[in-house]
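Open the structure in your viewer and get ready to select residues by number. We will go from the whole chain to single side chains.

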Amino acid sequence: MRSSVLATAVVVSIAGLLGGCSTAESTAAADGPVVVGSGSSDISELLAQIYAGGLRSTGVDVETKDGLGDRADYLAALDRGEVSMVPELTGDLLRTFDTLAFATEAEDVFTELNRSLPAGLSVGDYATAEDRLAIAVAPDSASDDGETVTDFLRRGENTVGLVDGQVDPMDVVSVTRSSPTFTGASFTDFTPYFDGQAAVDGLNAGEVGALAIRTASFGPLAKDLTTLPDDDHVYPAQNVVPLYRNGVLSESAVRSFSVVAGELTTADLADMIGEVRSGVASGDVAGRWLGEHNL
């Protein structure tokens with residue numbers, strides 16, 4: 001039975017029982033080029049260029065197809081066979097295929113993701129690089145020493161800033177998985193900013209008490225912020241992972257995903273996103289990184 005990537009929650013749950021598995025490999029690649037697709041975000045297009053370069057290093061004929069839209073759009077393209085592989089994030093992908101999953105730690109999320117994959121799809125090794133939701137405060141913040149994400153979310157007096165389009169406010173407050181007694185944050189006051197610099201300026205000016213950021217998508221400005229420890233793993237892991245169609249890639253091609261996973265860090269990704277937003281083409285940024293890592 002072949003399940004649609006964009007099936008309803010019930011069908012996706014059935015597909016999860018049929019399942020995919022990590023790093024499923026074929027001994028020979030299918031005819032024609034491997035098409036690496038991406039969504040319309042900076043991080044998606046950049047990751048597509050990185051994975052495409054890794055595949056090319058194994059001798060694979062690769063094309064890229066970017067600007068495919070949001071997650072639903074590029075997963076639909078993958079389901080139709082218009083693209084062979086897309087870069088993704090483990091936590092977001094798990095939530096897409098299994099809305100009832102409770103895993104939040106990296107290895108647990110990856111295990112549950114494998115169990116939830118529709119038939120015909122697999123994921124490669126996940127990278128240490130992640131684009132995880134985090135609560136960031138200014139370095140000289142008056143926040144209590146030892147405060148964690150859980151402590152912060154239980155306080156109701158703070159206004160939280162975020163970059164519009166990077167973080168969904170509902171993802172910040174709808175956190176119930178880390179503890180059966182934790183029903184979510186008590187504050188609802190969010191201030192959207194146009195970009196990361198405006199958000200940091202607003203934080204430093206005291207307009208907001210903290211920022212909700214994505215650790216890579218926020219870019220290199222995240223280095224100047226203090227991120228509260230998430231000891232309870234309130235927010236699920238969001239490690240970079242390749243999602244691909246079975247029967248398309250050779251074993252050597254799939255191994256290139258493991259090489260990328262072992263080399264790509266969150267700091268690398270944040271710095272490269274900063275370059276892209278400064279006007280450098282994502283293909284050029286990815287090419288430099290690939291060259292530095294002999295890919």
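## The whole chain

Of the 295 residues in the chain, 49% are buried. Keep in mind that this is a predicted model. Now switch to a cartoon view. The chain has eleven helices and ten strands.

Now think about which parts of the sequence meet. Take the contacts between residues at least 6 apart in sequence: 78% of them join residues at least 24 apart.

## The largest nonpolar core

Hide the surface. Select Leu46, Ile50, Leu55, Leu249 and Leu269. These residues have the most contacts inside the largest nonpolar core, which holds 35 residues.

Which elements give two or more residues to this core? Colour them one by one: the strands β1 (34-37), β3 (85-89) and β10, then the helices α2 (42-56), α9 (251-263), α10 (266-277) and α11 (282-292). Stop at α2. Its eight residues are the largest share of the core.

Zoom in on Leu55. Leave out residues up to four places away in sequence, and Leu55 touches Val34, Val36, Val60, Val62, Leu249, Ala253, Ser256 and Phe257.

Is Val123 buried or exposed? Its relative accessibility is 0%, so Val123 counts as buried.

Glu88 and Val123 are 35 residues apart along the chain. Draw a distance between their C-alpha atoms: the separation is 9.3 Å.

## A glutamine in a loop

Last stop: select Gln238. Look for this residue in the loop between β9 (226-227) and β10 (240-245).

Is Gln238 buried or exposed? Gln238 has a relative accessible area of 5%. The cut-off for buried is under 20%, so Gln238 is buried.

Show the side chain of Gln238. Where does the side chain reach? It comes to the backbone nitrogen of Asp92, at 2.8 Å.

Finally, show what surrounds Gln238. Set aside its neighbours within four places in sequence. Gln238 is then in contact with Leu89, Thr90, Gly91 and Asp92, with Ala129, Glu130, Asp131 and Arg132, and with Arg214.

Definitions and conventions: Residues numbered from 1 in each chain as written. Predicted model: local features only at pLDDT ≥ 70, side-chain atom pairs only at ≥ 80, totals over all residues. Heavy atoms only, no water. Helix = DSSP H or I, 4+ residues; strand = E, 2+ residues; numbered from the N terminus. Buried < 20%, exposed > 50% of the residue type's maximum accessible area, 1.4 Å probe, protein only. Polar contact = N/O pair within 3.5 Å; in protein donor to acceptor, adjacent residues only side chain to side chain. Contact = heavy atoms within 4.5 Å. Core = buried A, V, L, I, M, F, W, Y, C linked by side-chain atoms within 4.5 Å.
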